[in-house]
Amino acid sequence: MSASVTPAGVPVRTAKGFVLTVCCLLVILPFLAVISTSLADQQQVTAAGGYVLWPENPSLEAYRALFSGGVVTRAVAVSVGITVVGTTLSLACTTLLAYGLSRPGSYGSKPILMLLLFSLLFTPGIIPMYLTVKQLGLLDSYWSLILPTLINAFNVIVMRAFFLDLPQELLDSAKIDGAGELTILTRIVMPLSKAIMAVIGLFYAVAYWNSFFSALLYITDNEKYPLSLVLRTYVVNNATIGSGDTGAALPQQSLQMAMLVVSILPILCVYPFLQKHFAKGIMIGAVKG
Amino acid sequence: MVVLDKPVAAEEAAEAAAPPKRRRRGRLRRDRLLLACALPGLGVILLFHYAPLLGHVIAFKDYQPYIGIADSPWVGLDNFQAIFSGDVVFLNALSNTLVISLLQLVFVFPLPIAVALLLNSLVSERFKRLVQSVLYLPHFMSWVIVVAIFQHMLGNAGMLNSFLSDHDLGSVSIIGNPSMFKELIVAQVIWKDTGWSTILFLAAMSRIDPALYEAAAVDGASRLRQLWHVTLPGIRSVVILLAILRLGDVLSVGFEQIILQQQAVGPGASEVLDTYVFNNAVGAGVWGGSAAAGLVKGVIGVILVLGANKVAHLFGERGVYQK
């Protein structure tokens, strides 16, 4: 869609296309280099001075080494566990809370909504959060990676806006037919909201998979490190990945890149689904927030 | 599970007739299942968003982890000493924070607006969607991933330097170089979030009435004039809203991003308020002083948002909330 009536001339259009293409390359090239280097064999990596943009003899050697047990295997298991349990609980609590707030004028919904909105405007701060988690006895527990981020107020507001947009006549007629709140929620509201629930679930999943702050603050036992902290140790701080951890003599570069790919890949897989919906979700939130 | 025992309309009529107190109790009875639905989520919000505010109390105490919050002795304003007497470490963190924030305001804030204007003016819908898909992607990567990617691209043994040395072009020291640290931080934020930040501006642009452009064109306005007189005024309120929110965050600059890279450049160049609070408390055990710094930072943030909002109202804008 061109916003204006008269289209721009050819030079201007070419310039625009060029600028945006360069922007895209700046994003794509690093990802390409990371993935290719993780797949390339040792000779090519050495010959190319550390990085390749296209693997000549792609092999999964680096991945086999990472998943043969040891630090990375365990970290992936922790991250997957946190993501699955966390997303399930988050989605359940978010849906219930959004539904509880989706009947304007219902008892108590106004103050609860205000509490929710104000929680968006400020964050409690690092030390108070740490002390709270400590008081609850959750330090070094996997729950510390889930409970503090269980509810994202913005997601609740987006979902509530979606629920408010459902045809109210449908809910009223169900009520007249004698359906209780829970029946309405599970039999009418949720089936109609599959799309928004899927998207918000994916947002939570990405957040849990990426979570770093909670792990840094609350987890000190490195047996319990999720993938993000392991990535920090081996890829950002360049600790050497010992042969005891991988059982193979591979270039560090390939192992580091493979580790990066392991943390990027799940996000790349869900990205198309996210992308289809998020612009819409954000707009609902912006209009009705 | 529980079924309403009378039709809704009749219940509401009965309610309207009842005295207020009974009406309230009736509403509570009617909505108790909705409330029960909200309860788990509300509990989490109260426990992890509001209850922690009580933890700020240790800013006024000599907190000893092994005796607990309640039994630690009160010390009045002693913990604020470091802040108000101009402790060098604190001042360094404050100035780093402000410099990075200022750089972000100048370089990071306007960029998405420019990209959104470019995208909005594209004729080909397919090219536009392709560019959007690519540019939004880095937003979903965690800071660990972004920092790792930057190290491998721009580090001393990274891709850029190996390319430069292959062609005998010397080398550049970006990663681990304290004098480049702030620029690096800004570049990372730009790479990660510029695309994503265009969404709100694009949404605002799509709501502009096409008739305005037609009218402007009929009046002989060039494309640049249309941009100036139609598009920019159309997104003004979104820009102001985001600027206000940004101002409230002026004292928080990427905690995760910076703490990940602190080891390489040292605290002199990289310590900001959030990392100062974290390193001092969890690292060095100076709980009271760190909590005091955190509290001051939080209060200033709230004052800045409310103040900027007030200014927006004075200029006749909506701001974050209505008066």
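Visitor: What share of the residues in chain A is buried?

Guide: A residue is called buried when its relative accessible area is under 20%. In this predicted model, buried residues account for 52% of the 289 residues in chain A.

Visitor: How many helices and strands does chain A have?

Guide: Chain A has 14 helices and zero strands. As to contacts in chain A with a separation of 6 or more, 71% of them join residues 24 or more positions apart.

Visitor: Into which domains is chain A divided?

Guide: Domain bounds come from an automatic or database assignment. Here domain 1 covers 1–59 and domain 2 covers 60–288 of chain A. Taken over C-alpha atoms, their centres are separated by 30 Å.

Visitor: How many residues of domain 1 of chain A are in contact with domain 2 of chain A, and what area do the two bury?

Guide: Twelve residues of domain 1 of chain A are in contact with 13 residues of domain 2 of chain A. The two domains bury about 1,000 Å² between them, 71% of it on carbon and sulfur atoms. Val34(A), Ser38(A) and Ser59(A) supply 44% of the area buried by domain 1 of chain A against domain 2 of chain A, more than any other three residues.

Visitor: Which polar features cross this domain interface, and which element gives the largest share of the domain 1 side?

Guide: The rule finds three residue pairs in polar contact between these domains of chain A, and zero salt bridges. On the side of domain 1 that touches domain 2, helix 1 (10–39) and helix 2 (42–47) of chain A each give two or more residues. Helix 1 of chain A has the largest share, six residues. By residue class, that side divides into seven nonpolar, five polar and no charged.

Visitor: What area is buried between chain A and chain B?

Guide: About 8,500 Å² is buried between chain A and chain B, with carbon and sulfur atoms giving 76%. In chain A, the residues that lose the most area to chain B are Leu20(A), Tyr107(A) and Ile127(A), together 9% of what that side buries. Contact joins 97 residues of chain A to 90 residues of chain B.

Technical notes:
Residues are numbered from 1 along each chain as its sequence is written. Chains are lettered from A and ligands numbered from 1 in the order in which they are written. This is a predicted model: local features need pLDDT of at least 70, side-chain atom pairs count only at pLDDT 80 or more; totals for chains, interfaces and linings use all residues. Side-chain values use heavy atoms; hydrogens and water are left out. Contact means heavy atoms within 4.5 Å. Buried area is the accessible area (1.4 Å probe) that two parts lose on being put together, summed over both. A salt bridge is a side-chain nitrogen of Lys or Arg within 4 Å of a carboxyl oxygen of Asp or Glu. A polar contact is a pair of N or O atoms within 3.5 Å; within protein, one must be able to donate a hydrogen and the other to accept it, and residues adjacent in sequence count only if both atoms are side-chain atoms. Helices (H or I, at least four residues) and strands (E, at least two) are DSSP runs, numbered from the N terminus. Ala, Val, Leu, Ile, Met, Phe, Trp, Tyr, Cys and Pro count as nonpolar, Asp, Glu, Lys and Arg as charged, and the others, Gly among them, as polar. Buried means under 20% relative accessible area, exposed over 50%, partly exposed in between (1.4 Å probe, protein chains only).
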